[in-house]
Amino acid sequence: MRPPLRVRQAVNLANGSTLAGLGVAALGGAAVARGADGLFAGPGYRLPVPPAPAFCLGNVIVTRGDRLDPGSRLFRHEARHATQFAWCGGVVMVPLYLAAAGVSWVLTGDFGARNVFERLAGLADGGYADKPLRPAIRRAAERLRVGRGVRGGRLSELSGLGGLSGLGGLGGLGGLGGLGGLSGLSGLGGLSGPGRPAGARVRPGPGRASAARDGSTASPCR
């Protein structure tokens with residue numbers, strides 16, 4: 001037996017689910033015998049509850065038939081339930097399974113089609129068929145999906161507009177660029193000289209006049 005199967009066997013023995021399975025099989029008149037992979041097989045179950053042709057409790061697989069072939073798909077399906085008992089901590093899985101079956105019935109009108117435990121164990125192997133949601137629930141789910149898509153589209157549009165408004169603030173900087181032309185105009189002030197109105201006539205000073213009369217070309221700065 002492979003190590004994972006030994007672990008499953010030990011865990012289900014420790015959490016009490018295998019002992020509970022042996023007790024239920026005995027109450028139902030099943031002939032329990034050791035089977036493959038550390039499992040017990042109990043054919044000949046006669047109690048009306050549960051109504052399934054086969055069920056699992058811990059490492060005990062109980063069936064209403066005379067025998068259950070270890071190589072059959074149904075046996076493999078029930079063996080997966082044994083692993084689920086180990087993961088769920090034992091008989092705690094029983095109320096969890098019943099709750100999942102109730103949810104499946106509300107959604108589809110079938111106890112197994114949307115039952116998470118049956119789906120993980122393999123619907124077809126257990127003799128279950130996948131069924132669609134009830135019409136009313138399907139319509140409600142479709143409306144919810146469409147509403148989410150519309151809200152998501154609006155949010156994306158608003159976020160895009162928000163980015164454009166941020167870029168609009170940069171347009172104000174373009175107006176500042178126009179002020180650069182004023183700096184060029186300020187340079188024209190140098191043509192009239194400091195403190196002198198533009199276009200005013202320049203009177204020659206005494207030094208320049210005498211130099212002109214003498215015909216001298218000497219610079220006044222010298």
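Let's start with burial. The chain has 222 residues, and 25% of them count as buried. Keep in mind that this is a predicted model.

Now the surface. The chain exposes about 14,600 Å². Carbon and sulfur atoms supply 65% of that area.

Next, the overall layout. We have nine helices and four strands. What pattern do they follow along the sequence? Reading along, we get α-α-β-β-β-β-α-α-α-α-α-α-α. So much for order; what about contacts? Take the contacts between residues at least 6 apart in sequence. Of these, 43% join residues at least 24 apart.

On to salt bridges. How many does the chain have? The count comes to five. I'll show you three of them.

First up, Arg-73 and Asp-125. Their side chains meet in a salt bridge, at 2.6 Å from N to O. Where do the two partners sit? Arg-73 is in helix H3, which covers residues 73–88. Asp-125 is in the loop between helix H5 (116–121) and helix H6 (135–168). The two residues are 52 apart, and the pair links distant parts of the chain.

Is Asp-125 buried or exposed? Asp-125 counts as buried, because its relative accessibility is 16% and the cut-off for buried is under 20%. Arg-73 has 45% relative accessibility, so Arg-73 counts as partly exposed.

Stay with Asp-125 for a moment. Arg-80 also forms a salt bridge with Asp-125, and here the closest N and O atoms are 3.0 Å apart. Arg-80 lies in helix H3, and Asp-125 lies in the loop between H5 and H6, so this pair ties together parts that are 45 residues apart in sequence. Arg-80 has a relative accessible area of 31%, which makes this residue partly exposed.

Arg-73, Arg-80 and Asp-125 are linked in a network of salt bridges. Find Asp-125 on the model, and you can trace the bridges to Arg-73 and to Arg-80.

Next pair: Glu-142 and Arg-145. They form a salt bridge too, with the closest N and O atoms 2.3 Å apart. Where are these partners? Both lie in helix H6. They are three residues apart, about one turn of the helix. Glu-142 is partly exposed, at 38% relative accessibility. Arg-145 is exposed, because its relative accessible area is 51% and exposed means over 50%.

Let's move to the pockets. The largest pocket holds about 790 Å³ of space. Its lining is made of 27 residues. Which of them lie nearest its centre? They are Pro-50, Ala-52, Phe-55, Tyr-97 and Glu-118. Which elements give two or more residues to this lining? They are strand S3 (54–57), H3 and helix H4 (93–108).

What kinds of residue line the largest pocket? The lining divides into 19 nonpolar, five polar and three charged residues.

One last stop: Val-92. This residue is found in the loop between H3 and H4. Val-92 is partly exposed, with a relative accessible area of 44%. Now look for Ser-17. Val-92 and Ser-17 are 75 residues apart along the chain. Their C-alpha atoms are separated by 8.9 Å.

To recap, remember two things. Arg-73, Arg-80 and Asp-125 form a salt-bridge network. And the largest pocket has 27 lining residues, 19 of them nonpolar.

Notes:
Residues are numbered from 1 along each chain as its sequence is written. This is a predicted model: local features need pLDDT of at least 70, side-chain atom pairs count only at pLDDT 80 or more; totals for chains, interfaces and linings use all residues. Side-chain values use heavy atoms; hydrogens and water are left out. Buried means under 20% relative accessible area, exposed over 50%, partly exposed in between (1.4 Å probe, protein chains only). Contact means heavy atoms within 4.5 Å. Accessible areas come from the Shrake-Rupley method with a 1.4 Å probe; for residues, only the protein chains shown count as cover. A salt bridge is a side-chain nitrogen of Lys or Arg within 4 Å of a carboxyl oxygen of Asp or Glu. On a 1 Å grid over the protein atoms alone, a cavity is a set of points where a 1.4 Å probe fits but cannot get out, and a pocket is an open set with protein on both sides within 12 Å along at least five of seven lines; lining residues have an atom within 4 Å of a point. Grid points are joined across faces, edges and corners, and a volume is the space filled by probe spheres set on the points. Ala, Val, Leu, Ile, Met, Phe, Trp, Tyr, Cys and Pro count as nonpolar, Asp, Glu, Lys and Arg as charged, and the others, Gly among them, as polar.
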